[in-house]
Amino acid sequence: MYDRLLALAAHSLAEADSRSEPHDLWTEPASAWKPCANVRRENHTLPPAPENSTGYILINANGGLNQQRVAICNAVAISRLLNATLVLPSFMLSNVWQDESQFGDIYQEEYFVNYLREDVYIVKSLPIEMQSLDLQAIGSFLSELDVMKESKPGFYIQRVLPILLRNRVVYFSGFGNRLSFDPIPFEIQRLRCRCNFHALRFRPEIQAAGDLLVQRIHQNFPGQVPSVTRYLALHLRFEIDMVAYSMCDFGGGEPEKLELQAYRDVHFPMMAKYHNETELASTLRELGQCPLSPEEGALILAALGFKRGTRVFLAGAQIYGGQSRLTPLSTLYPNLVTKEDLLSEKELSPFANHSSQLAALDFIACTAADVFAMTDSGSQLASLVSGYRMYFGGGRLPIIRPNKKRLVSLFAKNSSIQWGEFRERVRKTIRENRKVHTRPTARSVYRHPRCEDCMCQAKE
């Protein structure tokens, strides 16, 4: 789709070797925010023991690693809100991810329970006498249809608490983004941040593999002068499930449309009515709701001024379209690597067929990168990594978040726009997005932790 612009980008990168990079390429604006969600409550009271609590909350989280992480933190918050005992969350088997990993396969159970023990009482299972209850029959089973997305605390107090008091247990199936971000009591909001940024630690073997991955990304490539080299992590949310679900057109013609429709028929049957919706695809692109393609991601990096020799770590699962789709990116940036390139088959084998554990390795590499860039700001991994870098980065971990709606008009001019104009407009767009912003009302504390609930402003 972008042969002309890609050729101009390649020419610019060839010339860039003799020029210095833009001064702000590897930095971000200074921030006065510092992490403080781990500060305990001043007037602290221990959570109720099981015999004194309102009952037990069970959740079965859906989605991949990052959706599950949000669900866990929301479950902790709701348990505290209702003075309930939380049963260690379980994970639903996704028909897309096909990963049977449970909480203890990814996170350190004991650390999680102990870290939050002064906030929420957490147990590993229901008492024996309650395990045989038919939760659906007694009205304690709540599906996604029963709980609206981003429900306010009042819903849980008015609708869920009576069930807890009556039956001593509530089971949320397919639990995900089911708690609003405003208005929320200060301590409940801070507890979500404490859970996300402090209580959830990957298992030692996952963390060790992630640390090894980061070490190898920094290591020199063959033929290069020895040095400690910084790297850029790029998350391309361009797996087939995302591409199919987006309903967007990525230039693959009729074969692409048929392949994506066949995938939707199997995995997203509710979307079967959207056959060949060319007009819809065009509208979505104009609104900036389509994930950027690998070609578009490559053009943005080149326009920003990253040199051809930049070390790029590519996060994510298998890219839709395979190597041919990645060719424009790997041609402009030949020092492009993935976890599969840097870790041996033996080192990856403990995590094979476990997409969530593999995603944890990407999470570690992205949070540790000198710069993190995304192509889809709506991605949960991109959102959580961004929040993690804001929270722990101290203003030293830049994030490149494209404004897709503004970039669409630029890409639409790919047959006529000059490289100088394209470069300057991309830089202006990204520069404006990198300003230090506090969390907007109703936006995620996991993605935007710069707020009094999660972080504190340093006193001058």
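The side chains of E432 and R406 form a salt bridge with an N to O distance of 2.5 Å; a salt bridge is a side-chain nitrogen of Lys or Arg within 4 Å of a carboxyl oxygen of Asp or Glu. This pair links distant parts of the chain, with E432 in helix α18 (residues 419-433) and R406 in helix α17 (residues 404-411), 26 residues apart. Helices (H or I, at least four residues) and strands (E, at least two) are DSSP runs, numbered from the N terminus.

The model is predicted: local features need pLDDT of at least 70 and side-chain atom pairs count only at pLDDT 80 or more, while totals for chains, interfaces and linings use all residues. Residues are numbered from 1 along each chain as its sequence is written, and side-chain values use heavy atoms, with hydrogens and water left out.

**Salt bridges**

By the rule above, the count comes to 20 salt bridges. One of them joins R230 and E21, with the closest N and O atoms 3.7 Å apart. Because R230 lies in the loop between α7 (204-218) and β8 (231-235) and E21 in the loop between α1 (3-16) and β1 (33-35), the pair ties together parts that are 209 residues apart in sequence. R423 and E424 also form a salt bridge, their closest N and O atoms being 3.5 Å apart. Elsewhere, salt bridges that share partners join E109, E110 and K124 into one network.

The table gives the relative accessibility of several partners. Buried means under 20% relative accessible area, exposed over 50%, and partly exposed in between (1.4 Å probe, protein chains only).

| Residue | Relative accessibility | Class |
|---|---|---|
| R230 | 42% | partly exposed |
| E21 | 22% | partly exposed |
| E432 | 30% | partly exposed |
| R406 | 35% | partly exposed |
| R423 | 23% | partly exposed |
| E424 | 42% | partly exposed |

**The sheet and its helices**

Five strands form an open sheet in the order β10-β9-β8-β11-β12, with parallel pairing; two strands pair if DSSP finds at least two bridges between them. At the edges are β10 (336-337) and β12 (399-400), each of which pairs on one side only. β12 pairs with β11 (residues 371-374) in the parallel sense over two bridges, and I399 in β12 is the bridge partner of F372.

Helix α7 lies across β8 and β9 (311-315), running at about 150° to β9. Helix α16 (residues 380-393) packs on the sheet and touches β8, β11 and β12, where contact means heavy atoms within 4.5 Å. The direction of α16 makes about 155° with that of β11. Axes are lines fitted to C-alpha atoms, for helices over the stretch in contact, and angles run from 0 to 180 degrees between N-to-C directions.
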